[in-house]
Amino acid sequence: MGSTAMAACAFENTVPLKSLTAGFEAWKSVTSAMAECRNFTPELGQEFATKQPEAFAANPSLYHIGGVANETIVPLLNAGTIRPLDDLVAKYGQNLKPNQLFKVDGKIMAIAMMVHTQHLMNRKDILEQAGVAVPTTWDEVLMAAEKIKAAGLVDYLLGATTKAGWNFGEKFVNMYFGMGGALINADGTPSVNNEAGVKTLVTLKALTAYMDLEYLISDSTYVQQQFQQGKIAMANLWASRGGAMDDAAESKVVGRVDGGIAPTAMAGGAPATTLWWDGIVIAKNITDEEADAAFMVAMEGIDTEMVTAHNDDAIWLVEGYVPGRLAQGAIATASATPPKPSYPSTTTQGLMHSALGDNLSAFFTGEKSAAGTLAAVEAFHTTGAKEAGVLK
Amino acid sequence: MKFRTFAAFIAPSVLMMMIFIAAPLVSVFIQSFYQTQPIVDMVQVETRTPGFVTQTCVTETKPRPTPDDAGKMRTETNFIGWQRYGNVLEPAKARDAIRNLDPAALLAIDFWGALRFMLTFTFITLPLVIGLGLAIAIVVNNTARSVRGPVIFVSLLPFIITPVIGALAICWLFVGDGIRTRAMEHYSGTDIAIFAQGRAIEILMMFFRVWHVAPFAFVIFYAGL
């Protein structure tokens with residue numbers, strides 16, 4: 001704490017503060033920058049989403065600062081356990097850019113520090129050898145895979161985060177939005193058993209023909225390792241995994257993986273992926289004095305100094321970020337027109353995602369037809385929505 | 001032993017079981033007939049989500065729990081009868097499936113599929129565990145005294161290994177690029193993907209269960225020999 005190598009915090013924090021965030025690299029950088037202000041105890045871990053709703057609902061709240069993303073802010077928003085940040089931003093948020101603010105009904109509820117998305121990572125050397133251009137649509141991906149397969153250059157053409165459960169749900173949501181589908185009707189009923197849904201399933205099935213047969217256990221780490229071991233040529237993977245490709249200690253393909261834009265599903269459509277943001281929220285059940293201090297510390301954590309020191313940890317939204325080679329694909333995806341959708345921050349989306357995650361694998365193991373699978377997803381969602389009280 | 005002494009001995013244990021097992025069971029059973037939900041209104045909300053270049057603005061109708069005057073979330077509790085059980089068992093679909101003699105349709109319902117797995121798992125692993133345990137006990141009983149100690153130690157090892165470590169070992173051995181899988185692929189010349197097949201994973205689980213618990217059966221039988 002307070003090392004002289006990195007410029008110290010702009011002020012000395014005297015209020016004991018605690019934070020609860022996820023544990024990936026970007027959060028480690030941010031919380032260590034916050035810790036330089038003293039009197040700050042960060043807690044990081046992948047169980048943060050389970051702990052946060054109850055911890056923040058306690059009075060006084062168990063944590064002052066929370067690290068959230070599109071999906072994990074929803075329980076806190078619904079329970080009303082985080083405070084609006086408008087006056088704090090007016091007082092201390094001069095260095096914030098307007099696109100960092102997450103607003104609900106005109107009130108700022110969170111400050112985003114980075115964006116996150118799945119985009120097409122590819123082995124540019126293999127694509128060059130096979131004489132294929134980097135694909136920009138999913139149809140082109142299939143054609144490229146066929147050509148590379150014919151050339152016999154790599155074990156499996158494609159990797160994908162299709163682990164049964166949340167990962168597969170995310171894959172479906174991305175592709176489905178890319179097909180122009182809407183998951184939930186205006187009245188809250190599910191809408192997935194339709195033409196766009198069937199097309200999504202059929203496209204995904206076509207892609208699995210080029211994957212390792214065990215794709216239903218393939219999560220982000222699995223795909224990352226497949227890339228690092230040189231087993232796959234292309235995969236739609238989370239941007240944050242890009243750094244690991246150039247990690248000489250683990251990767252056999254240092255410098256050979258490139259980031260391409262996420263492919264589109266429809267001609268002229270948006271990239272078939274969703275935009276995620278990660279950022280901080282301030283608890284409501286704390287004193288105003290603590291909230292002030294917490295916000296100031298949080299601003300220190302996501303300032304330009306931190307970004308300059310940890311530039312390649314994430315696609316930062318903060319001033320001073322210089323995109324590296326591996327970030328280009330994610331940025332191209334984030335700035336494409338038409339723009340891709342942000343992952344919706346609603347309870348119904350969470351329920352639909354669970355319904356998808358639990359039921360999609362039946363289609364891929366051949367147990368159910370496409371229509372049957374999607375009907376099961378809708379039934380599952382309806383039951384869940386009724387139990388949660390969002391559907392009468 | 002006089003009954004009063006016996007009762008005094010088991011009273012603390014029985015009391016603990018009543019408080020921590022029996023009472024919660026009854027309470028949960030009663031609670032299963034009720035449902036507590038937050039009271040939500042469908043409201044039109046405008047959300048501005050952070051993006052790399054600019055924010056994305058969306059106006060949508062979403063359900064939002066509305067707080068009461070004190071700022072707390074309101075919930076309502078309704079009596080729903082057997083609805084929860086109906087949701088899980090899906091009696092109408094199950095009855096149709098049985099009437100049409102369609103096992104696939106019945107097993108497509110989560111509960112019945114899980115029941116099928118549980119029954120297959122139990123009725124296959126249990127006899128194997130007991131049989132294997134007895135076999136090991138007899139073998140050890142007939143072993144020369146000098147080697148008996150080490151033989152018992154080796155036989156007990158599978159039971160001592162923490163299930164988490166055991167499961168991880170099975171994963172590393174049999175996953176697509178696992179050690180055993182590579183060996184099998186080498187000898188057979190074909191690509192093997194055990195984890196791609198549901199049935200193969202079930203067999204692996206049953207194998208692990210028998211391997212893990214047979215030593216315990218062995219210990220019990222050996223004590224009796």
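This is a predicted model: local features need pLDDT of at least 70, side-chain atom pairs count only at pLDDT 80 or more; totals for chains, interfaces and linings use all residues.
**A paired strand, its sheet and the surrounding architecture**

In chain A, Leu120(A) stands opposite Gly260(A), a residue of strand 9. The strands involved are strand 6 (residues 118-123) and strand 9 of chain A, which pair in the antiparallel sense over four bridges.

Strand 6 of chain A also pairs with strand 8 of chain A, again in the antiparallel sense, here over five bridges. Within this pairing, His119(A) has Leu237(A) of strand 8 as its bridge partner. Strand 8 (residues 232-238) of chain A is mostly covered, with six of its seven residues buried. Strand 7 of chain A joins strand 8 of chain A in the parallel sense, over four bridges. Here Tyr156(A) is found opposite Ile232(A) of strand 8.

Taken together, these strands form an open sheet of four strands in chain A, with the order 7-8-6-9 and mixed pairing. Which strands stand at the edges of this sheet? They are strand 7 (156-160) and strand 9 (257-260) of chain A; each has a single partner strand, so one side of each is left without a neighbour in the sheet. From one strand to the next, the twist averages 20°.

For helix 8 (residues 195-208) and helix 16 (residues 370-388) of chain A, the packing angle is about 120° and the axes are 10 Å apart. The crossing of helix 8 and helix 16 of chain A is right-handed. On the helix 8 side, the contact involves Gly197(A), Val198(A), Leu201(A) and Val202(A), and these meet Ala370(A), Ala371(A), Thr373(A) and Leu374(A) of helix 16. By residue type, this contact between the two helices of chain A comprises six nonpolar, two polar and no charged residues.

In the contact between the chains, 33 residues of chain B touch 40 residues of chain A. Strand 1 (34-38), strand 2 (40-49) and strand 3 (56-65) of chain B each supply at least two residues of the side that touches chain A. Strand 2 of chain B gives the most to that side, with seven residues. The side of chain B that touches chain A is made up of 16 nonpolar, 13 polar and four charged residues. Pairing of strands also links the chains: strand 4 (residues 101-104) of chain A and strand 2 of chain B pair in the antiparallel sense over two bridges. In strand 2 of chain B, Thr47(B) is the residue opposite Val104(A).

Some details of the backbone complete the tour. Most residues other than glycine have a negative phi, and most peptide bonds are trans. The peptide bond from Asn59(A) to Pro60(A), however, is cis, with omega near 5°. Pro60(A) belongs to the loop between helix 2 (48-57) and strand 3 (65-69) of chain A. Thr337(A) and Pro338(A) are likewise joined by a cis peptide bond, with omega about -5°, and Pro338(A) lies in the loop between helix 13 (328-334) and helix 14 (347-359) of chain A.

Where does Arg38(A) lie? Arg38(A) is in the loop between helix 1 (25-35) and strand 2 (40-44) of chain A. Although not a glycine, Arg38(A) has a positive phi of about 70°. Arg38(A) counts as partly exposed because 17 C-beta neighbours lie inside 10 Å. Asn39(A) lies in the loop between helix 1 and strand 2 of chain A, and this non-glycine residue has a positive phi of about 55°. With 15 other C-beta atoms within 10 Å, Asn39(A) is partly exposed.

Notes:
Residues are numbered from 1 along each chain as its sequence is written. Chains are lettered from A and ligands numbered from 1 in the order in which they are written. Axes are lines fitted to C-alpha atoms, for helices over the stretch in contact, and angles run from 0 to 180 degrees between N-to-C directions. A crossing is left-handed if the near helix is turned anticlockwise from the far one by less than a right angle, and right-handed if clockwise. Two residues are in contact if their C-beta atoms, placed from the backbone, lie within 7 Å. Ala, Val, Leu, Ile, Met, Phe, Trp, Tyr, Cys and Pro count as nonpolar, Asp, Glu, Lys and Arg as charged, and the others, Gly among them, as polar. Two strands pair if DSSP finds at least two bridges between them. A residue is buried if 20 or more other C-beta atoms lie within 10 Å of its own, exposed if 12 or fewer, and partly exposed in between; C-beta atoms are placed from the backbone.
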